[in-house]
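Colleague: Please take me through the model shown below, with the criteria behind each term.

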Number of protein chains: 2
Amino acid sequence: MELEQPKRLTMSEIAREVGVSTTTVSKVLNQLPGVGAQTRARIQHVIEQHEYVQNHAARHLRKGQTGLIDLVLMRLEGGYDLGIMHGVQETLMESGHRLAVFATHENEVVERLWLRRLFDQSTDGVLLLLPYEHGEIANSLVQQKIPFVAIGDRNEPATNFPTIGSTIWLGGYTATEYLLSLGHRRIGIITGPLHLMTSRARLAGYREALERAGIPVDPALICEGTYLLGDGFKQTYALLDLPEPPTAIFAGNDAQATGVYQALYQRNIRIPDDMSVIGFDDVTYSAQMAPPLTTIRQPLVEIGKMATNMLLRLISGHTLESTNVELSTSIVIRQSCQPPRTRTLPT
Amino acid sequence: MELEQPKRLTMSEIAREVGVSTTTVSKVLNQLPGVGAQTRARIQHVIEQHEYVQNHAARHLRKGQTGLIDLVLMRLEGGYDLGIMHGVQETLMESGHRLAVFATHENEVVERLWLRRLFDQSTDGVLLLLPYEHGEIANSLVQQKIPFVAIGDRNEPATNFPTIGSTIWLGGYTATEYLLSLGHRRIGIITGPLHLMTSRARLAGYREALERAGIPVDPALICEGTYLLGDGFKQTYALLDLPEPPTAIFAGNDAQATGVYQALYQRNIRIPDDMSVIGFDDVTYSAQMAPPLTTIRQPLVEIGKMATNMLLRLISGHTLESTNVELSTSIVIRQSCQPPRTRTLPT
DNA sequence: CTGAAAGCGCTTACAG
DNA sequence: CTGAAAGCGCTTACAG
C-alpha cells in the first residue's frame, strides 16, 4: 500500500478541477474583484481542500517581488545587533517579508560575493547594519537601485542615502554629565575602536561635558577598546593601575561594562560604593546585572522597527519624509553609580 | 545631463549583442560544455562588460531551487543560538545559500503562518532550532516533502526525521562527576525548564553521578530555571539560604552561570574559593568571565555546521548515512572549580 | 462576470 | 559547436 502523496497542485490544475480559467483562480487567490460570489466560493473550496499554495518563484518572476529583506552585519554577537534584529523581525512579521541574514565576518571577498548575489534581483531591499564606513556597498546599492537603509551612527554631515541611528554624541555627553553631577572628577572612559564615528561621538560627548565643567581632559583616562567584554576587563585593570585611578568608569557599551564589573569584582572593588560604572546601549541583560547597570539607552528595538518601516516605504515606491533619522538616547538610572566616597567633594 | 542608468540586461539581450542564442549564453553562464572557446570568450566579455547577473526568480522557477535555507528558532538571545548560527552561516557561505531567519517568539499563530509560507516552495530546506517538542512542525515538513533537520537534544528513542544534538546526559554526568572528584558532596543544580528533554537529560546525568557515588539526591538542591541569567541569580540566592547550602553549583547553562556569579559576588562569596561553579554550553564569553568558567562544552559551531551539511545533502537528494547524530560534549576545565575548603575531605 | 493569450527570464531536451 | 522552441507557474491587460 502506497503512502498517500500530497502532490503539489498548480493553479491550472485547480482551475481545471473547478471548471474555470486560471485568470479567475488568480483573482480569487489575490482577492481581486470581478468574480461571482458563487464561483469564488467554489474555487475557495477546492483551494482549501487541496491546501493549494501559490508558487513563489512564478509569482516573483511575474511581479518582480521576492518577499525577502536582507540584513547585513559584521558578526552576530548579541546585545546591540540582537536588539535591532528584534525590531526588524517584529515589523517584518506584519509585512509578511522574510528576513535573510548575512554576516560578513569582515571578509571583504565574501562581502563582495554576497553583494553580487543580491543583484540577481533576489531581494526586495537591504538593511545595512555595518559599524564601519561602507561607502562602496551603499554606492553599489544605489547604483543597482536596490532600496536600502543604513542603520548605525554615522554622524557625518550629509549622506546621500537613508540612515537611521541615535543621538550618540548626546549620550556620551549625558553619561559624563551625570557622573559629574554626582561629584566625580576623575572619570575613565573605555571607548570603542576610534576609527568608528560611533566611538568618536561618545568620546566627543565625554570631552564636551568635562570641558563645560572646567575639568581638563586627562588622556590617561581614555582607553580604546573594541566594544567587547574582554576590553572592558583589560582596560579596567589599566585604569586601576594608574597613579591616580578614576572614581567612575564610562564603559562605552554594556558588553564592556560587563568586563568592567568582572575586573572590579576580581580586585574586590565594590560597585557603586568604590567605583561608579555607566554603560551604553541598554541591552537586555543590563537590568539583570549585579548591581543593575546605569546606562545610556539606545532605543534598539525602535531603531530596528523604524529602519524596517523606512525600507518598506522605499520598497513600495514612496519617498521618505526624512532620510536621516536620529532617535534619541536617554539615561537609564539604575544602581551602578553613586557619589565618590573616597574624595571630599569640591568646595 | 542625465545620470547614466545601468539598465539591467536580460540574457536574451546579451545573446543579441553577441550574436548568439540564449542557449549558448546560458551554457557559458552555467559553465556547461559545448561552447567553442572563441564564442565563450566573446560572451564572457560582454557579460562582464555589462555586469550581467542572472535573474534569480526565473532560474528558480525553472530549476525549482531557491538558494534559500530557513532557520527557525524561538527567540534570538545569543549564546547557544548564536553559536549554532555561526556554524550554519559558515557552511552556507561555501554552498552559496542564503539564510532566512525566523523567530517564532512562542506565538503559535505566527508560527503556523510562517510554516504555511514555506510551502509555497520558497525554501530549499529548513533547520529547526526549537527547544520544545514540535511534532506538528516536523510532520508538516515531512508531509510537504520539505527537507529539514532538527537541531537540539531530543533524547527520544527514535524519531522519524533527521536530528542532531550532543550528548547532554553525559555532559550532566561529567559535570557532576568532576565536582564529586574534587571532593564536593553537596552540589546544587539549576536546571532549565523541566518539560524540556534537554533539561531533564542534564538532571538525569546529575542524579546518576550522585547515585554512583553513593550520595543521596537532596531535592532541596535541585532548582528549576529557564536558562536565563536571572534564574541563575535568583536560584543561587535560594541555594545559599538553605540550612545547609551547597559547596558547588552546576548552573545548567552558561547564561545561568553568569547569574550565579553575580549572586555570589553580591553575597561576597568568592569563586572558586568559597564556591565552585560549573556551566554548560561553553559560549563565547565563558572563557572571559572572571574567573574563567569551567563548563561542559557543546560543540555549538560544529553542530551548526553538521546540521547544515546534513540538510544540504538531503536537499541534493542524497540519503543520510545516519539520521540521528549526537556530537560529544566535553568538559572544559578553567578556574571556577576547586575542592571545597570548608569541609574536611572524606576519609 | 469570465477567459484566451501573452509574457516574466531563464534552462533544457532535441535537432541540426 | 550552435540554436529554435517548449515550458517552469503565475499575473495582467484586453476582449467578450
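This is a predicted model: local features need pLDDT of at least 70, side-chain atom pairs count only at pLDDT 80 or more; totals for chains, interfaces and linings use all residues.

Colleague: Which strands stand at the edges of the open sheet of twelve strands?

Modeller: The order is β11(A)-β5(A)-β4(A)-β3(A)-β1(A)-β2(A)-β2(B)-β1(B)-β3(B)-β4(B)-β5(B)-β11(B), with mixed pairing. Strands (E, at least two residues) and helices (H or I, at least four) are DSSP runs numbered from the N terminus, and two strands pair if DSSP finds at least two bridges between them. Each edge strand has a single partner, so one side of each is left without a neighbour in the sheet; these strands are β11 (324-327) of chain A and β11 (324-327) of chain B.

Colleague: Within chain B, what is the bridge partner of B:Val72 in β3(B)?

Modeller: Strand β1 (residues 68-73) of chain B runs parallel to strand β3 (residues 125-129) of chain B, and five bridges join them. The partner of B:Val72 in β3(B) is B:Leu128.

Colleague: Which element supplies the largest share of the side of chain B that touches chain A?

Modeller: Contact here requires C-beta atoms, placed from the backbone, to lie within 7 Å, and 38 residues of chain B are in contact with 39 residues of chain A. On the chain B side, α4 (56-63), α5, β2 (98-103), α10 (229-240) and α11 (254-266) each supply at least two residues. The largest share, six residues, comes from β2(B).

Colleague: How many residues on that side of chain B are charged?

Modeller: Ala, Val, Leu, Ile, Met, Phe, Trp, Tyr, Cys and Pro count as nonpolar, Asp, Glu, Lys and Arg as charged, and the others, Gly among them, as polar. The side of chain B that touches chain A has 23 nonpolar and 13 polar residues, and the charged ones number two.

Colleague: Which strands form the edges of the six-stranded sheet in chain A?

Modeller: This open sheet has the order β7-β6-β8-β9-β10-β12, with mixed pairing. Strand β6 (residues 187-191) of chain A pairs in parallel with β7(A) over three bridges, and A:Ile189 stands opposite A:Ile222. The edge strands, each pairing on one side only, are β7 (222-224) and β12 (330-332) of chain A.

Colleague: At about what angle does helix α10 of chain A run to β6(A)?

Modeller: Helix α10 (residues 229-240) of chain A lies across β6, β7 and β8 of chain A. The angle between α10(A) and β6(A) is about 150°.

Colleague: In chain B, what is the bridge partner of B:Arg297 in β12(B)?

Modeller: Strand β9 (residues 276-281) of chain B pairs in parallel with strand β10 (residues 294-297) of chain B over four bridges. Three bridges join β10(B) to the antiparallel strand β12 (residues 330-332) of chain B. In β12(B), the partner of B:Arg297 is B:Ser330.

Colleague: What is the handedness of the crossing of α5(B) and α12(B)?

Modeller: Helix α5 (residues 80-95) of chain B packs against helix α12 (residues 300-315) of chain B at about 45°, with axes 7 Å apart. That makes α5(B) oblique to α12(B); angles under 35 degrees count as roughly parallel, over 145 as roughly antiparallel, 65 to 115 as roughly perpendicular and the rest as oblique. A crossing is left-handed if the near helix is turned anticlockwise from the far one by less than a right angle, and right-handed if clockwise. The crossing of α5(B) and α12(B) is right-handed.

Notes
Residues are numbered from 1 along each chain as its sequence is written. Chains are lettered from A and ligands numbered from 1 in the order in which they are written. Axes are lines fitted to C-alpha atoms, for helices over the stretch in contact, and angles run from 0 to 180 degrees between N-to-C directions. Two residues are in contact if their C-beta atoms, placed from the backbone, lie within 7 Å.
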